[in-house]
Amino acid sequence: MEEIYKFAVQIAYKAGEALMHFFHKPHQIGYKGDINLVTEADLETEKLIKEAISSRYPQHSILAEESGLKKGQTAEVKWIVDPLDGTTNFAHGLPWFCVSIAVENQGELVIGAIYNPVLKEMFTALKGKGAFLNDQRISVSKNDKLIKSLIATGFPYDVQQRPEPIMTRFYKMILKARGIRRIGSAALDLCYVACGRFDGFWEERLKPWDTAAGALIVKEAGGKVSDFEGNPYSIYGKEILATNGFLHSNMLKVLKEAKEGAYDEKN
Ligand code: IPD
Ligand code: CA
Ligand code: CA
């Protein structure tokens, strides 16, 4: 896996450079939904990443956001790619976007590489070997008080059709935390939990390519990842709660009680 890991990091750098090339030019914006954008950078960068993987490892499968699943001869290794996480930020000239590349081996996440080319921050993890930011080991925060925590969330693209229960969770959570950020890139949200900038993150209806690399990076940095009930997290599931571990039960409690609409604000 070491060799595939090095290669994944290399491609993430190259893809990041490609994103920067597009970032400084006018964008061609297409619509996948009313508020769900796709640019030339998403499509071209995905093409570049897939070509690089296929020429080195033609037998591997690739699941990529814009083109779906390309089945390899062996189902053993699957790459999971978001060529541009944070497309809305990218289209508006904001610097919080990244490329996210993960590898699953026999259904288990083993490699994650997330690169923000504006800030030149490369977050990586190899299963069992820890998590890193620009080759320096990172770990989650030790904060165990929600009122002293900076947490993050995001909103799915169908939030206008289905504002509940998303807004209730947000409302309940903001009453309990020091602050909430919505930076517009789930992959970076997870990296920021991993390196202790954020203490926790929750979102629903994310896709495998949004969270695959980030979930591994959080775990390898000592954090905890689950669904909103506290069950083990699956990148194919609908909900993610990622925390430093210390805040996990507290944030779960808020999420659960928001679901029941019965959170006692004195708790
Ligand atoms: C989106 C971002 C955003 C999250 C959305 C995702 P995209 O990915 O991660 O933060 O709130 O749910 O779909 O479309 O920019 O790749
Ligand atoms: Ca994404
Ligand atoms: Ca994307």
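A polar contact is a pair of N or O atoms within 3.5 Å; within protein, one atom must be able to donate a hydrogen and the other to accept it, and residues adjacent in sequence count only if both atoms are side-chain atoms. The structure is a predicted model, in which local features need pLDDT of at least 70 and side-chain atom pairs count only at pLDDT 80 or more, while totals for chains, interfaces and linings use all residues. Residues are numbered from 1 along each chain as its sequence is written, chains are lettered from A and ligands numbered from 1 in the order in which they are written, and side-chain values use heavy atoms, with hydrogens and water left out.

We can start with Asp-227. The side chain of Asp-227 reaches the backbone nitrogen of Gly-230 at 3.0 Å, and a polar atom of that side chain lies 2.8 Å from the backbone nitrogen of Asn-231. Asp-227 sits in the loop between strand 14 (224-226) and strand 15 (239-243), where strands are DSSP runs of E with at least two residues, numbered from the N terminus. With a relative accessible area of 16%, Asp-227 is buried (buried is under 20% relative accessible area, exposed over 50%, and partly exposed in between, with a 1.4 Å probe and protein chains only). Not counting residues up to four places away in sequence, Asp-227 touches Tyr-233, Glu-239, Leu-241 and Leu-252, contact meaning heavy atoms within 4.5 Å.

The next stop is a metal site. Glu-65 (OE), Asp-82 (OD), Asp-82 (OD) and Leu-84 (O) coordinate the calcium ion (ligand 3) at 2.2 to 3.2 Å. Donors are N, O and S atoms within 2.8 Å of the metal, or 3.2 Å for Na, K and Ca; because water is not among the atoms, sites may look incomplete. The pair Glu-65 and Leu-84 links distant parts of the chain, 19 residues apart: Glu-65 belongs to the loop between strand 3 (61-64) and strand 4 (68-70), and Leu-84 to strand 5 (residues 77-85). Glu-65 is partly exposed at 22% relative accessibility, whereas Leu-84 is buried at 1%. Asp-82 also coordinates the calcium ion (ligand 2), which is 3.6 Å from the calcium ion (ligand 3).

Glu-65 leads on to ligand 1: an N or O atom in the side chain of Glu-65 is 3.5 Å from an oxygen atom of ligand 1. Taken alone, ligand 1 exposes 380 Å², of which the protein buries 95% (Shrake-Rupley method, 1.4 Å probe).

Terms used:
Helix = DSSP H or I, 4+ residues; strand = E, 2+ residues; numbered from the N terminus.
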